[in-house]
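I opened this entry to record what I looked up, going from the contact between the chains to the cores and then to single elements.

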Amino acid sequence: MEQKTKINAEPHRQEYVITREFDLPVELLFRAHVEADIIEQWMGTKVLKLESRKFGGYQFETADAKGNVAFKASGVIHELRPSQKIIRTFEMENTPFGVQLEVYDFEKLTDDTSRLHMHVIYESVAKRDQVLKMPFAQGLNWAHNRLQDVASKLK
Amino acid sequence: MNLRRDVFQAIADPTRRAILLLVASQSLTAGAIASNFDTARPTISKHLSILTECELLVQHQQGREIYYHINAKNMKEVADFIEPFRKMWDERFNKLEAIMKKYK
């Protein structure tokens, strides 16, 4: 089966591109990126602030299962053209990842389908690589934790 | 030799994946790599030679030390490396799609 979400991350570059086709009109795909209650649903994050306009800002906060704040993210919107384009910065607080520049292009394919093209640029190659590896490293840790759990029961 | 199959076997091992992670952003000596693991040094050496044979790691001599770094050309083929990241976005976007269909 062909993968719907594609990532192009060339080695030794400080950027990657994510593309995805949706069975949604481009207007709905765009709304999912500018309306706080909708973002909360699919991103699984709390939206503290969202000013969906040129020079507006936003703040997200995500808590873990116990209600502890796991991460805070914020940024400013540089450009916002309905159903066409969003350019914004994104920064996760208290992480070494730095700030990233995100360019979202929303493209109408048919009346009922659309494509998102997301170009993300980092401060350095190392920072981009760290972000790309994060879920990979987490998976690795989870595997180790599970191993530890299993092992401790054997004691 | 089926190099491609060997590459995927090489990254199937969690310790070898962890080694690739370590050297992804900087070149390291075998000693520096081994110091990150509780595993015995000869075991790490074995992992390093498998990764080198599969051409995922490249050795280079610098003074008296041998450094290991990632062979970017082959890592690029190993899309599995960023698969968890891709999957994370894929799941988010699946959710987005399902939610927005209700707004149609």
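**Contact between chains A and B**

I looked up the contact first: 28 residues of chain A and 27 residues of chain B take part. The model is a predicted one.

**Chain A as a whole**

I listed three helices and eight strands in chain A. Their order from the N terminus is β-β-α-α-β-β-β-β-β-β-α. Chain A has 155 residues, and 19% of them count as buried. Among its contacts with a separation of 6 or more, 37% join residues 24 or more positions apart.

**Cores**

Which residues touch the most other members of the largest nonpolar core? I noted A:Leu24, A:Leu28, A:Leu29, A:Ala32, A:Phe106, A:Leu116 and B:Met100, out of 16 residues in that core. Two or more residues each come from α1 (26–34), β5 (69–81) and β7 (99–108) of chain A and from α6 (83–101) of chain B. With five residues, α1(A) gives the most.

I followed A:Leu29 further. Leaving out residues up to four places away in sequence, A:Leu29 touches A:Phe22, A:Leu24, A:Phe106, A:Ser114, A:Leu116 and B:Met100. I also noted a second, separate core of 15 residues, with B:Val23, B:Ile44, B:Leu51 and B:Tyr68 among them.

**Helix α6(B)**

I checked the length of α6(B): its 19 residues reach 27 Å from first C-alpha to last, close to the 27 Å expected at 1.5 Å a residue. Its buried residues are B:Phe93, B:Leu96 and B:Met100. Why do they lie on the same side of α6(B)? They cover an arc of only 50° around the axis, and this puts them on the same side. The general rule I wrote beside this is that an α-helix has 3.6 residues a turn, so residues three or four places apart point the same way.

I looked at the face turned away from the buried side of α6(B) and found the exposed residues B:Ala98 and B:Lys101 there. Last, I asked what covers the buried residues of α6(B). The cover includes β1, β2, α1 and α2 of chain A. Of these buried residues, B:Met100 is the one I had already listed in the largest nonpolar core and beside A:Leu29.

Key:
Residues are numbered from 1 along each chain as its sequence is written. Chains are lettered from A and ligands numbered from 1 in the order in which they are written. This is a predicted model: local features need pLDDT of at least 70, side-chain atom pairs count only at pLDDT 80 or more; totals for chains, interfaces and linings use all residues. A nonpolar core is a set of buried Ala, Val, Leu, Ile, Met, Phe, Trp, Tyr and Cys residues joined through C-beta atoms within 7 Å. A residue is buried if 20 or more other C-beta atoms lie within 10 Å of its own, exposed if 12 or fewer, and partly exposed in between; C-beta atoms are placed from the backbone. Helices (H or I, at least four residues) and strands (E, at least two) are DSSP runs, numbered from the N terminus. Two residues are in contact if their C-beta atoms, placed from the backbone, lie within 7 Å. The expected span of a helix is 1.5 Å times one less than its number of residues. The arc is that of the directions from the helix axis to the C-beta atoms.
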